[in-house]
Amino acid sequence: MLLCLLLVPLTTIIGQVRDVPPTLVSYEKLQLLDQYISEGASIADLDDDGHLDIIAGSIWWKGPLFKEAFTYAPVKYFPIIGPGLEGYSTNFFTFPSDIDGNRPIDILQVGVPGTDSKWIKDPVKISQPLSTEMVEKPTYLNALRNVCHESPDFVDVTGDGRNELLAFSEGRLVLGIPPLNIGDDWLALSISEKDPKRFPVYSHGLGAGDINGDGLIDLIEKSGWWEQPEAWDLSTPWVYHSYPFSPGTGGAQMYAFDIDGDGDNDVVTSMDGHGYGLSWFEQIENNGKIGFKEHVVITDRATDNPYGVSFSQLHAMKVADIDNDGILDIITGKCYYAHNGRDPGAEDPAVIYWFKTLRNPDRTVEFIPYLIDDESGVGRQFSTGDLNGDEKIDIVASNKKGVFVFIQK
């Protein structure tokens with residue numbers, strides 16, 4: 001299915017809106033699964049054959065054609081609604097990574113907030129075709145316990161070449177450090193003091209990026225940013241700088257990059273993972289200190305966006321250079337039935353958009369929205385990468401509508 005909607009002006013919105021400029025970017029949509037398996041999807045070369053594969057929950061599809069499906073653990077499909085947590089997959093995030101430094105790729109699973117994460121070593125070695133009953137079950141190795149927050153990430157924050165699990169845990173903001181020896185416990189390095197009210201089980205809005213330009217990765221949270229100290233001793237809490245990026249409930253993954261091209265990193269965040277809003281925050285100097293100025297991209301009213309775009313439940317976000325112009329763009333969309341249909345706009349189309357970062361000659365910035373699809377959505381985690389080696393960014397997503405791949409043409 002080739003999406004040609006990107007060349008059509010958004011003229012159906014009530015009110016006066018601008019026409020979306022034409023773009024050469026278009027996507028082919030493939031649906032790999034029509035059932036609810038997980039809230040997240042990832043990309044990695046699991047079988048080490050030189051082709052990227054797609055992972056969603058305990059299932060993976062072999063690249064580059066994605067016609068062969070395998071499972072490394074028992075498969076369970078979930079209902080999309082239900083009381084309490086019954087309408088949710090137990091697999092929210094899947095982070096493929098060479099955790100122990102001994103290929104093939106491992107998988108770190110993060111489930112419902114408040115549960116322990118799971119490390120599956122070398123999943124390809126126990127994988128079987130999806131159509132067969134699993135004989136060998138995976139051995140779940142020790143991983144970070146009590147993983148809280150709804151926007152965790154597995155990223156190299158400390159700069160040692162190994163990823164750490166960024167999350168809340170036991171009332172603190174932490175980095176979960178994999179052990180050097182298999183079987184040892186993961187370390188939970190505290191970034192903050194312990195405060196269960198400040199760092200609850202369920203929260204939104206978290207990310208990593210160099211805010212102050214010192215070459216060290218800082219942490220971004222909905223209510224401020226945490227400055228990584230030089231030569232950190234792995235125990236002293238980081239200096240916290242308060243700023244209300246999304247002062248309500250918070251949204252999704254947060255990013256810091258140079259949006260306006262002035263040499264310092266700005267911040268982008270969705271405002272409410274279960275409501276509306278997307279903004280970017282221009283880094284400015286405020287009385288000799290780092291400050292920010294908000295620029296609104298979308299709200300709960302289509303008339304607030306110059307192109308007439310508004311949608312809710314922006315529960316996942318990525319940044320990538322979609323159109324290969326050398327500038328990062330924003331990708332986000334609706335997390336379909338994020339609260340079992342109780343969120344505002346829950347019955348609206350499950351859209352995915354990419355927002356082109358356009359730097360104008362007067363040094364202002366626009367984010368131009370281009371619709372990728374209106375019948376899929378983003379879940380809590382989706383991934384971007386070049387799946388077919390054509391140097392164009394592709395997208396994979398898993399959510400309550402199934403598992404999808406979008407190949408850029």
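**Overall form and side-chain contacts of the predicted model**

Of the 409 residues of the protein, 56% count as buried. The structure described here is a predicted model. Its secondary structure comprises 29 strands and zero helices. The radius of gyration is 20 Å, close to the 22 Å that the globule rule gives for 409 residues, so the protein is as compact as a globular protein of that length. Taken along the principal axes, the box filled by the C-alpha atoms is roughly 60 × 50 × 45 Å.

With this outline in place, the aromatic rings can be considered. The count comes to 23 aromatic pairs. One of these is formed by phenylalanine 199 and tryptophan 226, whose arrangement is tilted, with 6.1 Å from centre to centre and 50 degrees between the planes. This pair links distant parts of the chain: phenylalanine 199 belongs to the loop between β14 (187–190) and β15 (206–209), while tryptophan 226 belongs to strand β17 (residues 224–227), and the two are 27 residues apart. Phenylalanine 199 and tryptophan 226 are both buried. Tryptophan 232 is buried, because its relative accessible area of 12% falls under 20%. Tryptophan 238 also counts as buried, at 4% relative accessibility. Elsewhere, ring pairs join Tyr88, Phe92, Phe93, Phe95, Trp119, Phe154 and Trp186 into a cluster.

Aromatic rings also meet charged side chains. Lysine 118 lies over the face of tyrosine 140, at 4.7 Å from the ring centre. In a second case, the ring of tyrosine 336 has the charged end of lysine 401 over it, 4.1 Å from its centre.

On the surface, a nonpolar patch is made up of Leu85, Val201 and Tyr202, which together have about 270 Å² of accessible area. Valine 201 is placed in the loop between β14 and β15, the loop that also holds phenylalanine 199. At 33% relative accessibility, valine 201 counts as partly exposed.

Turning to charged pairs, a search of the whole structure finds 18 salt bridges. In one of them, the side chains of aspartate 373 and lysine 29 meet at 3.1 Å, N to O.

Aspartate 100 lies in the loop between β6 (93–97) and β7 (106–110) and lysine 121 in the loop between β8 (118–120) and β9 (128–129), so the pair ties together parts that are 21 residues apart in sequence. Both partners fall in the partly exposed class, aspartate 100 with a relative accessible area of 23% and lysine 121 at 25%.

Lysine 356 and aspartate 325 form a salt bridge as well, with their side chains meeting at 2.9 Å, N to O. The link again spans distant parts of the chain: lysine 356 is in strand β25 (residues 352–359) and aspartate 325 in the loop between β23 (317–320) and β24 (329–333), 31 residues apart. Lysine 356 counts as buried at 16% relative accessibility, whereas aspartate 325, at 34%, counts as partly exposed. Salt bridges can also share partners, and in this way Asp100, Lys121, Asp122 and Lys125 are joined into one network.

Finally, some details of the backbone deserve a look. Glycine 63 and proline 64 are joined by a cis peptide bond with omega of about 10 degrees, and proline 64 has its place in the loop between β4 (59–61) and β5 (69–71). Another cis peptide bond joins arginine 103 and proline 104, with omega of about 15 degrees. Proline 104 is found in the loop between β6 and β7, which also contains aspartate 100.

Positive phi values are found in residues other than glycine. Aspartate 48 has a phi of about 60 degrees and is found in the loop between β2 (42–44) and β3 (53–56). With a relative accessible area of 46%, aspartate 48 is partly exposed. For asparagine 324, phi is near 55 degrees. Asparagine 324 is found in the loop between β23 and β24, where aspartate 325 is also located.

How values were computed:
Residues are numbered from 1 along each chain as its sequence is written. This is a predicted model: local features need pLDDT of at least 70, side-chain atom pairs count only at pLDDT 80 or more; totals for chains, interfaces and linings use all residues. Side-chain values use heavy atoms; hydrogens and water are left out. Rings of Phe, Tyr and Trp (its six-membered ring) pair if their centres lie within 6.5 Å; planes under 30 degrees apart count as stacked, over 60 as edge-to-face and the rest as tilted. Helices (H or I, at least four residues) and strands (E, at least two) are DSSP runs, numbered from the N terminus. Buried means under 20% relative accessible area, exposed over 50%, partly exposed in between (1.4 Å probe, protein chains only). A charge sits over a ring if NZ of Lys or CZ of Arg is within 6 Å of the ring centre and within 35 degrees of the ring normal. Patches are made of residues with over 30% relative accessible area and no salt bridge: like charges are joined within 9 Å, nonpolar side chains (Val, Leu, Ile, Met, Phe, Trp, Tyr) within 5 Å. Accessible areas come from the Shrake-Rupley method with a 1.4 Å probe; for residues, only the protein chains shown count as cover. A salt bridge is a side-chain nitrogen of Lys or Arg within 4 Å of a carboxyl oxygen of Asp or Glu. The radius of gyration is taken over C-alpha atoms; the globule rule is 2.2 Å times the number of residues to the power 0.38.
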